[in-house]
Amino acid sequence: MERSVPPPSVPPPDSSADEEEPKASTTNSYTSTAACREPTRVSTLKREEKEKRQRERMEKERRELEEKRVKEDEMKKEESSTTAQHHPSLGERQSYVEEPPSTTTTLDRRDRKAEKALVRRITNEMQMATYVQQIDLSAVKQPVGAYTQGVFRIRMLRFAEAAIRRMLWSVGKFLANHKLISLLIALAFFASSIILPVVNRQHMFIDLPFSHIFGSGSDVISNGIGIVSKSQEFNSSNPAFSCMNWRDSNHFAVLLRTIQSRDTILRKDAVLAYTALKKKLDHFPVEKREFLVQCSLECENDKDMVDRIIKKSPQVALTYPETFVSMSKDSTNLTRVYLGAAIGGVETDTDGAISKATSLLMNFELKDDLSGKEHAAWHNHFEDQTRLTAAPNISLMAWSPETFKAAVVATLHDQYWCLQFCLAILFLSCLIGSFGINAYQSKPCLGIMIFVTLVAVSIAGFSMQFYRNLPVDPLVYPICFVTIGIGLLWLFQLHFSWSRYSSAAVHPTEKIAFILSHDAPGIAASAVVIVTTFLTMGLVISNGHMVSSFLGIASSVAILLVFTIFFISVFVFVGGSREARGVKWYQIFKTGDTQFTSPQLASFDSSSLFSLHDRLLDARPCASRAVGAFVISPKIRYPILVLCTAFIFFAIYGFVNTGIDIKEEYFLPSASSEKSFIEQYREQFGKTTQFMELTIENSIEYHDHEVQNNIFDIMDFAIEEGYATRAVNWLSEFAKFEKASIYDVNPDTFVPVVNLVFLPSETYRKYASDIIMDRFQTQIIKSRMYLELTVKGFAQRTTFVDTILKKAAAKGIPLSVDVPSSMSLRHDISVFTSGMVAFGVAIVMLFFVSLLLLGQPALTVMLLITSIAVLGETVGYAYFWSVPMNIVTLTMALAGNALTCVIVMAFCYSYSMSGKSQIRAGVRIQYTFQATLVPVLFACIVPVLTFLPLLYVDVPVVHHLFKIVVLNAAASLIHYLFFLPNMMLAFSERFGFSCTSLNCAELCCDMDDESSIYYIPTGGRAIHPEGLYHHPSYTYAPKPLMNAPPPHYLAITAPPVNSIYGQADYASRGELKRESRRHRRRSESSIGETENDGTPRRDRESRRRRQRRAMSRDSEIYEDLPSPQRPVTSSSRSNSPRRQQPGSIRRPGAGPGAQQPRPQAYHYDEGAQWRPYVQPSPYMFYSGPVYGQQQGR
């Protein structure tokens, strides 16, 4: 069978004599011609011999052109007999298109070759035009796995992103030319954010945070039925149901406790110390009691009786918790006195008598109308007396609201003092992150500016709380760690974007505009989403701490966006320009090479923008891409699914079982006397303080048996469900009294009988303080009852209170509830509701704003799912880490959701903007990890490290906040590494549906403006077109649109594909893999390793080769792009752009991969030379030309 005749082989220009060296042929693909060497290095004899060979070759070419076509066997025979070295066979050829003589040689040589070069070029173009075939990707059936559709975008919502992109392009151009003005704009915004602190500087002090956390309302919770706004208060507390209010500024207490657990406090010396101290404190000023609150006469008598009983306790036996004594010597009546509030740690015998007691307690309550001076005088007297009083084997602990406040404020001062060490860690982290792989890519100045930016936005967020004209909420500062994480993600993402794209083929001004318009729209959209969401949350929620935190995050992120665009971008541009000029970071006064490639995009053009991304992208294998490939690999996907399922299951279990709790101890140091007092009080008197107070707030028909039964049902429900051990109810006692009495109780006599008969009796006089009559003593307007709570009742008090109030409301009873032993019952009831309302508002705002700005349903769905999951996991695993949920920790968890949202939006946006060269979902995910992995690691790890110095303050609330920060960062990072990639893979491959009703289109290919070939002038150098096939994105792009190329330019965008040459000679897949591995082993990524070269743009060839060629100082740059087929062997020093000398071309068979010929395209023009820049090809991937005959087969 006769073989088809390929296009004629046109011999290439004679290459340099240096090509004959074996070592040189393997270390450099392109060599200089001998004409470019210095005359002193080549002898006259060699030059004449070379010119003679060149003339012979040119004559041979002329004869070949005149003969038109010569059979291949005849050509091989002639080449092997005469000039086999200079006329290889078609199988050894690297290209059909030949290069004209170098324009940098002498005028004589150029004139002699001009005509021949023109004829040769035209002939080659005519021959190549027959075999260049364009294949539209959309018309070719893709093999499985070769292409996967991306997520979808709603076309009707593209206007927001397009507007942001165009605006940021203009901003990039502006700040590159007006750097100082851009910096002033950012500083002006920061100055405006600190106006409020300057105006309200009188409130700039640290005080107790409880007014912000709990508010100023009462802790009594009511069902809202018939509640009177200004109801009368009870005269005094019931002695049997009293508890200390730790936040009451008028309440003082002294606790005497035995040092030895086997001792008893009811001994003479201890009792004498107790009575002496109480007498001194009761009668201050001397012989007066005008500072203390005076209760009713019966109440005062009971207090005196308790003091007398304690004084006599070493001599008489006492029952507990109530004892019976005679009020006078002559009286035979016994009076019931309650001792449970004064004697604690009691052990009784079989008869109920006290056998041992370990503590004595005395309480003092000051009047509310005391002046500050009088209050200070009492406090000083209290401190002096407690310090002077002592007894053997007795420890005395005092409780003062002033000392409690001082201890809490001191811990807050310590926390703010430790923030300076947090700033030091943040500074080191930013500085370390700014150093690159060499001195050219290192930008420590940019790292310092990132630190300054983070400090500025933290101050701006803290300043937002001054809008209320109230004292500062001192527990707002933890939100700074959230904004630090967001700032690290955005700023380092912008910093690393510069190195992710090639610098040699684009002007720095154009590159910063490109980065801002391509990558920064995601940052801007994320900032708008976060600001809008948290601003709405702050306006909806009423809790002061939540409002301050949410508005602080909104203001911080807003200022952060301004600084990112106008402040950090300037330093990114300055640092990138110095890198492009070949100046190291410490060479402050060196200018470098300022001859950049001319800007090619005069105005904003989306098609050129996206095409430029595909050309500039560095898609070489790296660690971040390897991580992306690993987490979506089939072998690891199912183990990840199992682990993630278990992870979520445990989070759900913890979330369901978590409880709401806040205590005074959480704000006190572990070694403080105040915390010891509270712990000892709860240990000694805890059994008598765990109760619930139920108050009927309005007048009801107590005599009605149906009403009585409704009240009894509520009490019985609490006991039956295990929330209470017993109910103390005056109404039930009156019902027993009614049955045993001789009085006729009816609606008219009910109140008189209660007031005149029931309460004065010795048995029931203890209920006298629980009933309030009207001024005419005709009706009961308020009464209270008690439930002694179990451990379950106190732990689940929020659920219990809610159930009790609902039952009372259903029966029409105006009921209010209080749990005095809880720090704030209103906080416990409202914190979960406030948190859910805030999170619900966040979910709604995230849905609408993200969909409106980015128009990507998949992004919105992943954002909502991840936000819900991360918050649930943070709260759930806080249960396993013993972190209580309260307004402080829950607010921090909700604030941390901002970082989670930013991470998700950064991931999804980078995936959607991966470019047209990333044709598979797996490759897109690798690109996403390349763009976001390191910034996300910084955002999740650095805030945790920055928080560490605060652990020096030994306060539980600080440790709780640290654990919440760790849990939120860990959950966000786990979702980023394992959940998001596989979820995005599922959206792309499994759920890639088309939503025609919303006018959706595929996201990764949804670009109306197509790309075009991009030309870069090369300053009179003939560029080797082999680099065209080295670019990784050569294989795929949409339909080509060309900018105007140079005259007579033939754009060869794909290798020739023609069936007449057969397909039997493709390179085997194993050879391709070996070549790919060889390429990865040889490729080097450093651009500034050598110290003695001028700039990183200068030619970086081996020293032996550099000694033999002239050092070109051209002002233009050529960037040699990597090959997807055959590795480009480069110097170990650098991967910097090479300068190709005119007339140089590879010798056939030289270097690795010579057995895989590849077409080449040269453009010849007098004066101006052009090279084809990397263009994402719209055609199928082609491993190399296929010819009917190849040598060696």
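Author: Buried means under 20% relative accessible area, exposed means over 50%, and partly exposed is in between. These cut-offs are applied here to a predicted model.

Reader: Why is Asp384 called partly exposed?

Author: Asp384 has 34% relative accessibility. The class runs between the cut-offs of 20% and 50%, so Asp384 counts as partly exposed.

Reader: What makes Arg387 exposed?

Author: Its relative accessibility is 57%. Exposed means over 50%, so Arg387 counts as exposed.

Reader: How do you know that the side chains of Arg387 and Asp384 meet in a salt bridge?

Author: The N to O distance for Arg387 and Asp384 is 2.6 Å. The definition asks for a side-chain nitrogen of Lys or Arg within 4 Å of a carboxyl oxygen of Asp or Glu, so this Arg and Asp pair is a salt bridge. Both residues lie in helix 11 (residues 372-388), 3 residues apart, which is about one turn of the helix.

Reader: What makes Glu49 and Arg53 a salt bridge?

Author: Their N to O distance is 3.5 Å. The cut-off is within 4 Å, so the pair of Glu49 and Arg53 qualifies. Glu49 and Arg53 both belong to helix 2 (residues 44-66) and sit 4 residues apart, about one turn of the helix.

Reader: Why does Glu49 count as partly exposed?

Author: Glu49 has 43% relative accessibility.

Reader: Which parts does the pair of Asp828 and Arg797 tie together?

Author: The closest N and O atoms of Asp828 and Arg797 are 2.9 Å apart, and the two form a salt bridge. Asp828 lies in helix 27 (residues 825-854) and Arg797 in helix 26 (residues 797-810), so the pair ties together parts that are 31 residues apart in sequence. Salt bridges that share partners also join Asp661, Arg797 and Asp828 into one network.

Reader: Are Asp828 and Arg797 buried or exposed?

Author: Both are buried. That word stands for under 20% relative accessible area.

Reader: How many salt bridges does the structure hold?

Author: The structure holds 19 salt bridges.

Reader: How many disulfides does the structure hold?

Author: The structure holds 0 disulfides. A disulfide needs a pair of cysteine sulfur atoms within 2.5 Å.

Reader: Why are the cysteines Cys480 and Cys901 called buried?

Author: Cys480 has 16% relative accessibility, and Cys901 has 1%. Buried means under 20%, so Cys480 counts as buried, and so does Cys901.

Methods. Residues are numbered from 1 along each chain as its sequence is written. This is a predicted model: local features need pLDDT of at least 70, side-chain atom pairs count only at pLDDT 80 or more; totals for chains, interfaces and linings use all residues. Side-chain values use heavy atoms; hydrogens and water are left out. Helices (H or I, at least four residues) and strands (E, at least two) are DSSP runs, numbered from the N terminus. Buried means under 20% relative accessible area, exposed over 50%, partly exposed in between (1.4 Å probe, protein chains only).
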